[in-house]
Amino acid sequence: PPRFSIRSTPNTPLTLLPKSPYPSVCDLCDKRFEGFVYNCFDCTFDLHINCALLQSSIAANFPNSLHPHPLFFIQNHNNEVEPHCSGCQKPISGPMYHCSDSDCTYPRLFNLHKECAELPLEINHPYDRKHPLTLLPQPPTHPQKRRKHPLTLLPQPPTHPQKCSCSLCRIRWKGKMSFVCDFCGTNGDHSPYYCATCHLLVHKNCISLPRHIMITRHLHTISLSYSLRQSQVEDWMCKICYEEVDIRYGNYRCPGSRCHFIAHVCCATDEATWDGTIMPEGYDERSEEVVHEPWNLITDVVEQIRIGELMVASEIKHSYHDHNLRLTFSGKTKDDDSQCDWCTRPISTPFYSCEQCNFFLHKDCAELPKKMPHSFHKLSNSHDEDGYSVCSACSQLYQGFSYRCYEIVCSFRIDIQCMYFSDTLKHPSHEHSLFLVHNNEGMWCSACFRVPFPWDVLYRCMKRCDFSLDLRCAKLPLTCWYKYDRHFLTLTYSDDSEFPQYYCDLCEKIRLPNCWFYYCADCDNSLHLHCALGVLPYMKLGNKFKSYRHKHPVIFVKNIWNCPPCKVCGEICNGQAVECKESECNFTVHWSCF
C-alpha cells in the first residue's frame, strides 16, 4: 500500500517513497539499505520494505522492570533483524521479540527469544530453596560472603542418585552442629552430609531415601520431590498428619496431574503407612492388573450403546445376580422406595435393574472394583451369606455389598457408603475441612454426642476447634422423606428457637437442641434422626436374611397398617420388624425385641 501505520508511530502514517530523504538506515533493524522506503517526515522515521512486511504484534504484559519499551513479536525475522538474544546472549532462530523504539538506550538492539521473553518473573530452585529467585535484566552487586567457621570435608563421599546426582561429603565439625535437613525438613545436631554443588545439608539416614514408594494412605505411587511451584498442588497440607508442609524442604507427592496428594517425608516413610517396599523407576500401577481378568464384578457386557464418543454397557451380567441387568438413564422405578442392593441408598439414575425380580444397582456401584485401597487394610469384595453384617467403620447393621480385609487375622469389613469416604471431608455443618482419625480417645460426635467405640473412626476439624463427626452422622442424607409430610425434611444442625423444651413431632419425646435433627420449615415439623430414617436405615426392606434366632430365613419389614402383635413383647408390631413368610410359621417380632 502507498500509506500505512505501525505501532511504533501509531498517530502518523508511513508513506511509500522511492528513496529516503535521510541517510538510508532502517529504524527497525538498524541496517543500511537502498530503494523504496516507508517514511514519516514528521518523525524522521524510515522503514525499509523487508521490515515493513514482517508480521508483528505487540507483546502483552511484558514487565517494565526488564525493559522500559514495548516489544513486538515477530514470527519469522528472515534475517532482517540482528539475531542475537539480549537475555541469554545466544543467536536467535525462529520467533522473537524486538524493541523498535528510537529512544531506546540499550547498548545494542534489544531482541529476545520467544522463550526468554516468556520466562516467569519468580521461580523456586534447589540452589536457594528458602527464597524465590527473581528474574533481573542484569546481576545485582552482592557484598562478599564469609563463613564464620571453617568446614572440613571428610573423604569417601557417598552419592545419592535418587535425589541429587552430585557427590555428598561428610562435614567434620567440632562439637554439635545444628542444621535442618534439606531432604526431610527436620532438625539435626550431628555431622551432616553436604553437597557443594546444590548446597544441601542432609541427615545420614536421609541419603538412602527412596525415590518412589507406595503407601497405604494413597492409591498411587508417590515420589520424593522438592522445590514445588505454587500451582503444582492445591494446598500445602500433609494428607497424613494434616500439618503444613514446608515446601522449602523435601516431601513426597503424587506425580499425577489431577492428584494433589502431598506428605512430609517422615509421615510418608513411617512404618504405620509404608511397609518398606520401593517402587522401580517408571512403575505403573496398571501393569499389575491381570489382562484377561475383569477388574470389577461385571462378568460380561451383553449389549452396548453409543453416547457421544463413549460406548456404555446397556445390558450386563453381574457376579452377584443370576439374571441380566439393563441400564436406565432417566425415569423412576415402579416403587419410589426402591433401594440399591449394593449400597442400600435410594435408587437414582443411572442404574441397572433386573426385569424379572426386584434387584437394583446404581451404575457406579455395579462398576466398583474387586479390590479397594484403604489406609490400614487390604480390602477385597465380600457378600455376607447371612444377608447382613456390621460395618467396622460406623458400627451399623447393613445389607448389601461390602469390602473385607483379606488378612487371615483381621475381621475388618466396611460397607459401600463408608468406603466412599476419603481421608478428608468438607461437610456443610462446619466451616473447616475435616480429616479422618483412628485414635478417638477423649472425643465424641458433635452431631449426636455419641461416645465412639475404641475401634470407630471419626472426622476431626483440621483447625483443631473441637468439632468431630462420626461416620454414621457424616453419611446422613442432607434431605429425607417422611410419610406424614408433603415436603422433604432438611438435615438441621442446631435449633435456635426460644422454647423451654424441644420435642420430636413423631414420637413426641424430648429432643436435645444441640443434636442434629430433620426439619420441615413449611410445616414446622421436627424429627429425631432415627425417627425420620428409622433405626436401621441401611437394611433393605423385603430382603431375606438368616439368623440363629429363628429356624427359617426372615425378612426385614416396616409395618404401618394392620400390624400383628409381637411374638416377644405382645404389643402391636408397628415400625421396623422381622417376619417369617413360611406358610406354617406366624412369626412377627419388633426389631428391638428380635
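Is W516 buried or exposed in this structure? W516 is buried, at 4% relative accessibility; here buried means under 20% relative accessible area, exposed means over 50%, and partly exposed lies in between, using a 1.4 Å probe and protein chains only.

Before going on, a word on what you're looking at. This is a predicted model, where local features need pLDDT of at least 70, side-chain atom pairs count only at pLDDT 80 or more, and totals for chains, interfaces and linings use all residues. Residues are numbered from 1 along each chain as its sequence is written, and side-chain values use heavy atoms, with hydrogens and water left out.

**The whole chain**

The protein chain has 594 residues, and 43% of them count as buried. Its secondary structure comes to 7 helices and 45 strands; these are DSSP runs numbered from the N terminus, with helices (H or I) of at least four residues and strands (E) of at least two. Take the contacts (heavy atoms within 4.5 Å) between residues at least 6 apart in sequence: 47% of these join residues at least 24 apart. The chain exposes about 35,200 Å², and carbon and sulfur atoms supply 52% of that. The areas come from the Shrake-Rupley method with a 1.4 Å probe, and for residues only the protein chains shown count as cover.

**Two open sheets**

Strands of a sheet pair through backbone hydrogen bonds, either parallel or antiparallel. Two strands are said to pair if DSSP finds at least two bridges between them.

| Strand pair | Bridges | Opposite residues |
|---|---|---|
| β26 and β27 | 3 bridges | Y352 and L361 |
| β28 and β29 | 3 bridges | P373 and K378 |
| β29 and β32 | 4 bridges | N381 and Y403 |
| β32 and β33 | 3 bridges | R404 and R413 |

**Aromatic rings**

Rings of Phe, Tyr and Trp (its six-membered ring) pair if their centres lie within 6.5 Å; planes under 30 degrees apart are stacked, over 60 edge-to-face, and the rest tilted. By this rule there are 12 aromatic pairs. Y493 and W516 form an edge-to-face pair, 4.8 Å centre to centre with 65° between the planes. Both sit in the loop between β39 (488-492) and β40 (517-520), 23 residues apart. While W516 is buried, Y493 is partly exposed at 25% relative accessible area. Elsewhere, ring pairs link Y320, W342, F401 and Y403 into a cluster.

**Cysteines**

How many disulfides does the structure hold? It holds 0, a disulfide being a pair of cysteine sulfur atoms within 2.5 Å. The sulfur of C448 is 3.6 Å from the closest cysteine sulfur, in C473, which is too far for a bond. C448 is partly exposed at 26% relative accessibility, whereas C480 is buried at 7%.
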